[in-house]
Amino acid sequence: MELEDLIALTEAESSQHAEIEIRVCTAAGCLSSGSRSLISALEHAVEDRGLGDRVGLREVGCMRLCCEGPLVSVNTSTSDGTRVPTLYGKVDAAQAPDIVTSVEQGRKSAEALHSIDPNGPFFAHQKSVVLEHCGIVEPERIESSIALGAYRSLHRALHDLSPAEVVEQVTRSGLRGRGGAGYPTGLKWATVAKMPPGQKYVVCNADEGDPGAFMDRSILESDPHRVLEGMAIAAHAIGANQGYIYVRGEYPIAISRLDTAIRQAKRFGLLGSGIFDSTFNFRVDLRIGAGAFVCGEETALIHSIEGLRGTPHPRPPYPAESGLWGHPTLINNVETYANIPVILREGADWFAQIGTEQSKGTKVFALAGKIRRSGLVEVPMGVPLREIVERIGGGSPEGSSVKAVQTGGPSGGCIPAELLDTPVEYESLKALGSIMGSGGMVVMDQDDDMVGVARYFMNFCMDESCGKCVPCRAGTVQMHRLLDRIERGEASHDDLVTLEDLCDLVQHASLCGLGQSAPNPVLSTLRFFRHEYESRLIEFSGPPSSAVSSDPR
Ligand SMILES: Cc1cc2nc3c(=O)[nH]c(=O)nc-3n(C[C@H](O)[C@H](O)[C@H](O)COP(=O)(O)O)c2cc1C
Ligand code: SF4
Ligand code: FES
């Protein structure tokens, strides 16, 4: 495979484009609401009308507005070659003939269907960098990815840039890890690259265990070649020849699409030996996790890949120095790798002008909860939370109002509605006692009880604690017990003091990030919604809190 082959494939692919393309979302959300039977019905309708030559059916990934699934986009070519999309939501298989009839009659939309404005606020206020091809590219066809530019950045990295220049580009872009902690990606790559030559590994962390998070799953289901290309560029930059993608077993569609993508890339000579006629060899294998949240922590993940029990170990040494089987190992998140091809394509400076001084680029969020429009959202770093919740998400449904936004899952916190003008960037969220996390964003309304929210996340951490260190193993159980008593109205003021002491202890004495961050949901709800705790204490004699539901369970 050479650059000319990529170009030839791109031309062959565009020459096959049908006059009208019907794209159906086949990511997990839409598949679970019936897009598979919809595709069969559309196939039959196209065949029945004899439109096979004019209409192409494409199985694509997430189109972002997941709450309206299954989503269908009808794209008609205009005389200047551009495609005008019409988007339909909640499409039932029985409505397939209506879509095909409107296509046949050249009507812009099918009246009987629920059409969605593709330029409406949900889409118009987003910025597509990582998700630029989601919902357009066909994840199970490498030709479709190549036609949209996949593997060109890898070619450039191998032929036009030295490994050091690739690291320099990534460093200058200002990209920070999207897995939660926001560690500078270029610095991590430089650390692994500087280790003495020998066996090195590249690992993609696709464990995504936060409740409410589905960004990484959507990226893998929708555009898997983008992640493979990012990993291959990383391998070239640090001198690795083997990569692993650690993906949770609960993501069968992502696993199957990754498996297909790896096989196709091998067949096309884009993974394996002598990639693009160079001396670069890179192999990628999948490792399937068994659903333990702690296995997303990098040292536990390494143990798990090695076939050991997935428990963390103290750092240093960091995986960059001593990772898989003691060799230098680069671990990055799915979204981090998905940013790499575009950084090499558009340049580090282009990337660095998106976002803020300390948080560059965009961030993908999984927007969910008490919100009108939920789904995948990609925005430049630094936009106010309000932009995501109110303009993109449309705010809370009729009759309710936003009370708080939870970011960062069990390691994060709840930001109250009064602070919705906070910019979304690593430091500002941390200053509020929350974290950016990997991108889960759950909106809560006035009916949500914040003590219950804290108890829910503590229950999660208690269940997921690996038990290796006492502060986390015993502390999460005790904190959960206290939260339970507070929620039931059986706790005293002394219990609340004990809860706060325990938060401090578990935060500072736990071995890994799970325990260190487990108190965060408690601390942030105590900081912003303390009245909901205090009004439940047995000594409390003030007015009842309107925010405390009468039956929290
Ligand atoms: C309990 C726990 C769970 C984690 N889960 C994930 C995860 O699912 N995905 C992820 O990318 N990082 C996760 N991390 C962070 C990883 O340890 C690591 O920092 C990250 O994969 C590095 O990639 P990045 O620099 O690209 O963010 C987790 C950390 C902890 C403490
Ligand atoms: S902090 Fe919790 S999850 Fe982490 S090593 Fe200790 S017991 Fe295990
Ligand atoms: S899963 Fe179909 S639009 Fe997101």
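Modeller: Some terms to begin with: buried means under 20% relative accessible area, exposed over 50%, partly exposed in between (1.4 Å probe, protein chains only). Strands (E, at least two residues) and helices (H or I, at least four) are DSSP runs, numbered from the N terminus. This is a predicted model, where local features need pLDDT of at least 70, side-chain atom pairs count only at pLDDT 80 or more, and totals for chains, interfaces and linings use all residues. Residues are numbered from 1 along each chain as its sequence is written, chains are lettered from A and ligands numbered from 1 in the order in which they are written, and side-chain values use heavy atoms, with hydrogens and water left out.

Colleague: Which residues point which way from β7?

Modeller: Q242, Y244, Y246 and R248 point one way, and G243, I245 and V247 the other; all are buried. In a regular strand, side chains alternate between the two faces of the sheet.

Colleague: What does β7 pair with, and in which sense?

Modeller: β7 pairs with β8 (residues 283–289) in the parallel sense over seven bridges, and Y244 stands opposite D285 in β8. Strand β6 (residues 201–206) also runs parallel to β7, joined by six bridges, with V247 as the bridge partner of A206. Two strands count as paired if DSSP finds at least two bridges between them.
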